[in-house]
Amino acid sequence: MSKPTDAATTIVGAGAVGCAVALHLARAGWKDVQVIESHDVAEATTGQAAGLVGQVRSTVDRTRLAMASVNLFSRLEKETGYPPDWRQTGSIRIALTADRAAEFERMAAIARSAGLETEFLSNAQVTDRFPLLDTTAIRAALWCPTDGYLQPHSLTTAYARAARDLGVTFCPHTTVTGVDVRDGVVEGLRTSAGDIRTDLVINAAGPWAAGLAAMIGVDLPIIPVRHEYFVSTPTPGWSPDLPVLRIPDLHLYVRAELRSVLCGGWEARALSRDPRRDPVVPIEPDWDVLTGFATDLETVVPGASQLRVAEVFRGWPAFAPDGRFVVGPVPGVRGFVMAAACNAHGVSGSAGLAEYVMESMRPDPSPYVQSLSPARFLPNTFDWTDAQTKARAVYENYYALTS
Ligand SMILES: Cc1cc2nc3c(=O)[nH]c(=O)nc-3n(C[C@H](O)[C@H](O)[C@H](O)COP(=O)(O)OP(=O)(O)OC[C@H]3O[C@@H](n4cnc5c(N)ncnc54)[C@H](O)[C@@H]3O)c2cc1C
C-alpha cells in the first residue's frame, strides 16, 4: 500500500473505469501516474455489478464501444497474465411483442453496420441453447454469439495489476478531500493522507463524481440511481455456460452464476440521490422490486417465482440526464478531466470508455468524443431537480422500445 505523492497524473477512483484508464495511460507510455482510492480496488459500485457484456445496442457508436471492450476482454489474460474471468457464452435477446420484434430487426441492422455478428433464432434453436425456457410467448429471439459475462472484480483487478506492472502506483484507503486550483489551473490535491502536487486529475469517482467536480466549483449532473439484482440458491438445470438472457418487454436480464440464477431489472419507479446533499450510502434490498423481477421472469422461466434468494447485490450507478457518458476535460479548468456517468454500462464499457478518455485529451478528438464533453452542462445549463427526473427516466427506460 502506497501513500499518495506528487505525481504528474492522478486518477481518483479505482473502480472499473479508473483502473481501465490507468492501464490505457500506462500502455500509451505515460509515466508518473497514481490512482487514489477511498477504499480498495473494485470495492464500490463495480464490485456489485452483474458483469453482463452486451454488444447489441441502439446506435453504431455504442455498439463499437462494446465491441472494443469485448475485444480487450478476450485478449487481456494472454497479454497481461491476469484473468478477467470472461465467459463468451453468447446472449439471447427475447421479444414478447410484435413491436419489440421489429425493434430487434433495427438493432440487427445496426449490429451489421458496426460489423457485429447476430442471428435470429427459431424457438427450437432457443430451446437447444437454453432448455429451461418456455418459448410459448416468444415472438423473436436475437442471438449474439460473441456476448457473455465476466466477474467485475476480476476484470478490475486485472486492469489494476497490469497497470501496476507498467509503473502505476495505487494508493488505497485514501480520500481526496479537495482540489487546489490557481488561475484556472489544477495544482494539487488535498487527501486524507496529506497534500500532493499534481498537474492532471482524472475524475473516475463513479457516483461520487459530481462531488469531486464540485471541489473545483463545477456543477455536473451525474446522478446516482439505485440498482439491484438477486442471486438464487443453486437451482437444477442452471450452469455457467448458459447464454445471457435479456427480456426487454419484462425489463429483465438473467444469467447463470455458477449453478444459480442471477436476475436483475429496471423497475418502473427508480430512486435517485441528489449529489449536492444526499450521501451515497449502502442500501437495503427492496424486496418488492426483487420479488417483482422473479414474478415477471416466470413468463419465460417456469418456476422462477419460487426461486430462493441467496444474495442481493445493489448500488448507485451514476446516470447523466441525457443517458450519455461525461468524458473529457472540463473547460475553463486546465488539468481536470471527467471519466464518469457510465449509465450502468461502466464495467462492460470500461475499456472503450478509457479509449475515449485518452482521445478526449488529444488535440483533435472525433465529433462523437467531443459530444461527450462535460461542456454540454456548463456553465450550469441544467436544473438539479429536472436532471434527477431525467436521469431516473433514462434508468426506467433502459429497455424501452427505440424507434
Ligand atoms: C447492481 C448493479 C448491477 C450492475 N450491473 C452491470 C453490468 O452487468 N454491466 C455493466 O457494465 N455495469 C453494471 N453496473 C454498473 C457498473 O457497476 C458501473 O457503471 C461501474 O461500476 C462504474 O465504475 P466506476 O469505476 O465509474 O465507479 P465505482 O466502481 O463506484 O468506482 C469509483 C471509485 O471512486 C472512489 N472514490 C469516490 N470518491 C473518492 C474520493 N473523494 N477520493 C478517493 N476515492 C474516491 C470510490 O471509493 C470508488 O471505489 C451495475 C451496477 C449495479 C449497482
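**Reading a hairpin, a helix pair and a salt bridge**

Guide: Welcome! In this predicted model, strand β9 (residues 176-182) runs antiparallel to strand β10 (residues 185-191), and six bridges join the two.

Visitor: What do β9 and β10 form, and how many residues lie between them?

Guide: The two strands form a hairpin with two residues between them. Look at Asp183 in the turn, where phi is positive, at about 50°. For a landmark on the strands themselves, find Val181, which has Val186 of β10 opposite.

Visitor: Now to helices. At what angle do α3 and α6 pack?

Guide: Two packed helices are described by the angle between their axes and by the distance between those axes. Here α3 (residues 60-80) and α6 (residues 152-165) pack at about 45°, and their axes are 11 Å apart. That angle makes α3 oblique to α6. The crossing of α3 past α6 is left-handed.

Visitor: Which residues make the contact?

Guide: From α3 come Leu72, Phe73, Leu76 and Thr80, while α6 supplies Leu155, Ala158, Tyr159 and Ala162. In this contact of α3 with α6, seven residues are nonpolar, one is polar and none is charged.

Visitor: And charged side chains: how many salt bridges are in the whole structure?

Guide: Side chains of opposite charge can pair when their charged atoms come close. A search of the whole structure finds 15 salt bridges. One to locate is between the side chains of Arg27 and Glu79, at 2.9 Å from N to O.

Visitor: Where in the chain do Arg27 and Glu79 sit?

Guide: Arg27 belongs to helix α1 (residues 16-27) and Glu79 to helix α3. They are 52 residues apart, so this pair links distant parts of the chain.

Key. Residues are numbered from 1 along each chain as its sequence is written. This is a predicted model: local features need pLDDT of at least 70, side-chain atom pairs count only at pLDDT 80 or more; totals for chains, interfaces and linings use all residues. Side-chain values use heavy atoms; hydrogens and water are left out. Two strands pair if DSSP finds at least two bridges between them. Helices (H or I, at least four residues) and strands (E, at least two) are DSSP runs, numbered from the N terminus. Axes are lines fitted to C-alpha atoms, for helices over the stretch in contact, and angles run from 0 to 180 degrees between N-to-C directions. Angles under 35 degrees count as roughly parallel, over 145 as roughly antiparallel, 65 to 115 as roughly perpendicular and the rest as oblique. A crossing is left-handed if the near helix is turned anticlockwise from the far one by less than a right angle, and right-handed if clockwise. Contact means heavy atoms within 4.5 Å. Ala, Val, Leu, Ile, Met, Phe, Trp, Tyr, Cys and Pro count as nonpolar, Asp, Glu, Lys and Arg as charged, and the others, Gly among them, as polar. A salt bridge is a side-chain nitrogen of Lys or Arg within 4 Å of a carboxyl oxygen of Asp or Glu.
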